[in-house]
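Here is a structure to explore step by step. Keep the sequence and the 3D view side by side as you read.

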Amino acid sequence: MTILQSNPGANVLKGKKIIIGICGGIAAYKIPQLVRLLKKRGAIVRVALTEGGAHFVSELALATVSEERVYRKIFPPMESEGVDFTRHISLGEWADALVIAPATANTLARLSAGLCDDMLAAIFLTLRPGKPVLIFPAMDGQMFLSHSVQRNIATLATQGCSIINPESGELASGLCGVGRMPEPEAILRALEEALHETGECSPLYGKKVVITAGPTREKIDDVRFISNYSSGKMGFAIARAAAKRGAIVTLLAGPVHLPTPPGVERLDVESAAEMNAAAEGFFNSCDLFIGAAAVSDYRPATPYEGKMKKDKEEIELALVKNPDILARFGLQKSACQLAVGFALETRTGLESARKKLTEKNLDLIAFNFFDRKTSGFDVDTNILTLIGSNGEITELPQLTKDAAAGKLLDAIEQLCLKDRH
Ligand code: PMT
């Protein structure tokens with residue numbers, strides 16, 4: 001992650017609830033200074049100290065600078081007053097961001113394995129989706145570069161944690177090399193940057209967004225099916241981008257081989273009927289429905305039980321139409337819900353896309369040109385033309401699917417803002 005200079009005019013930390021997890025490394029002695037810097041910016045800071053961390057920095061010093069008690073063990077001492085039996089989950093719910101600095105090899109292993117053996121681990125597991133987690137590994141250089149540590153770091157990164165690599169310089173061992181924790185000022189800037197990126201200012205923040213993605217499979221018999229080449233990449237990119245903007249995202253995924261984007265609830269389905277049934281459950285409650293799936297339009301009327309014999313030269317397969325999920329939502333949505341679709345067409349398909357926009361009562365449609373090389377199914381880039389229900393057209397160049405998802409959400413945000421005025 002690049003640590004960017006934040007806009008000095010905007011104090012994104014004011015009123016933010018920050019938890020700092022401190023592990024057992026010598027750099028822990030710098031954390032009281034970080035707490036002071038954060039407090040000066042108006043943040044509310046709580047500290048979770050591991051057993052190892054307590055060897056390097058005193059609980060009293062941290063409680064004094066944070067003006068809060070310090071959290072260590074999951075089990076509260078029974079003799080203490082006002083015992084809070086659920087604090088192991090309430091702190092994760094409370095926080096706007098979690099900073100783990102210094103993060104030791106041991107804690108990286110515990111967190112990547114999903115252990116819950118102290119307060120820091122419990123907070124990590126219960127933090128709300130979309131809240132930034134910044135991890136600052138700091139340790140001996142050789143240890144940092146070891147296979148196990150790098151594997152654990154990679155696991156945490158795939159879960160959406162931001163890993164800020166240690167700096168090079170003089171280490172506590174007297175050796176010189178990679179392993180130093182960045183200075184408190186740099187940690188503060190990284191946190192500011194991450195909070196900027198959470199998209200709390202996005203109109204999609206807190207909105208319930210349902211996205212369909214991938215192909216569907218329609219059974220011919222127990223071993224064969226009708227399907228298409230959709231990989232799910234476009235729908236998953238939209239889900240990832242929407243979650244980053246703070247939306248509460250449910251992804252209805254056909255059979256694809258993609259990891260679930262961080263902070264996204266995923267429901268796997270196989271056929272159009274299953275996707276339709278899953279989608280229906282969200283029709284009344286969602287704020288925005290995006291149809292990025294390539295839903296099979298037809299399914300075999302009567303799937304054969306078992307494996308069909310291949311003893312005939314010719315067979316006829318009767319197909320019946322599948323429910324149009326997006327149209328069903330579009331035609332019944334309320335005035336405060338938005339429906340967005342895709343239309344996969346050849347170059348000349350603009351009119352056909354417009355027709356789908358009207359017939360399905362959509363607020364926006366992305367005309368998706370396909371050539372199987374630069375755009376459409378199973379490639380990493382896409383070429384979209386966005387058509388609004390007011391006829392406004394925005395032609396996008398060839399973009400990565402992540403960038404195209406960003407542009408689509410920008411356009412949807414404009415629709416949300418218009419609705420507010
Ligand atoms: O998954 P990728 O490999 O990344 O490819 C992305 C994509 C090309 C699949 C995607 O960008 C895309 O264009 N999806 C829609 C493809 C399509 O088949 O569109 P359509 O013209 O058949 O349908 C129009 C809209 O109605 C779509 O939003 C579709 O999701 C929806 N629909 C269609 C039929 C149906 N039974 N139910 C639906 O919800």
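Ile26, Tyr29 and Phe56 make a nonpolar surface patch of about 320 Å². Keep in mind that this is a predicted model.

Take Tyr29 from that patch. Where is Tyr29 found? Tyr29 sits in the loop between strand 1 (17-22) and helix 1 (31-40). Is Tyr29 buried or exposed? Residues over 50% relative accessible area count as exposed. Tyr29 has 52% relative accessibility, so Tyr29 counts as exposed.

Now turn to the ligand. There are 27 residues around the ligand. Ser231, Gly291, Lys356, Asn368 and Asp378 come nearest. What kinds of residues form the shell? The shell divides into 12 nonpolar, 8 polar and 7 charged residues.

Which elements supply these residues? Helix 9 (233-244), helix 11 (325-332) and strand 17 (338-345) each give at least two residues to the shell around the ligand. The largest share comes from strand 17, with 4 residues.

Next, look at the protein backbone around the ligand. A backbone N or O atom of Gly291 lies 2.6 Å from an oxygen atom of the ligand. For Gly232, a polar backbone atom is 2.7 Å from a ligand oxygen atom. For Phe342, the distance from a polar backbone atom to an oxygen atom of the ligand is 2.9 Å. How much of the ligand does the protein bury? Taken alone, the ligand exposes 770 Å². The protein buries 95% of that.

Conventions
Residues numbered from 1 in each chain as written. Predicted model: local features only at pLDDT ≥ 70, side-chain atom pairs only at ≥ 80, totals over all residues. Heavy atoms only, no water. Near = heavy atom within 4 Å. Polar contact = N/O pair within 3.5 Å; in protein donor to acceptor, adjacent residues only side chain to side chain. Areas by Shrake-Rupley, 256 points an atom, 1.4 Å probe, with all protein chains shown as cover. Nonpolar A, V, L, I, M, F, W, Y, C, P; charged D, E, K, R; others polar. Patch = residues over 30% accessible without salt bridge, like charges linked within 9 Å, V, L, I, M, F, W, Y side chains within 5 Å. Salt bridge = Lys/Arg side-chain N within 4 Å of Asp/Glu carboxyl O. Buried < 20%, exposed > 50% of the residue type's maximum accessible area, 1.4 Å probe, protein only.
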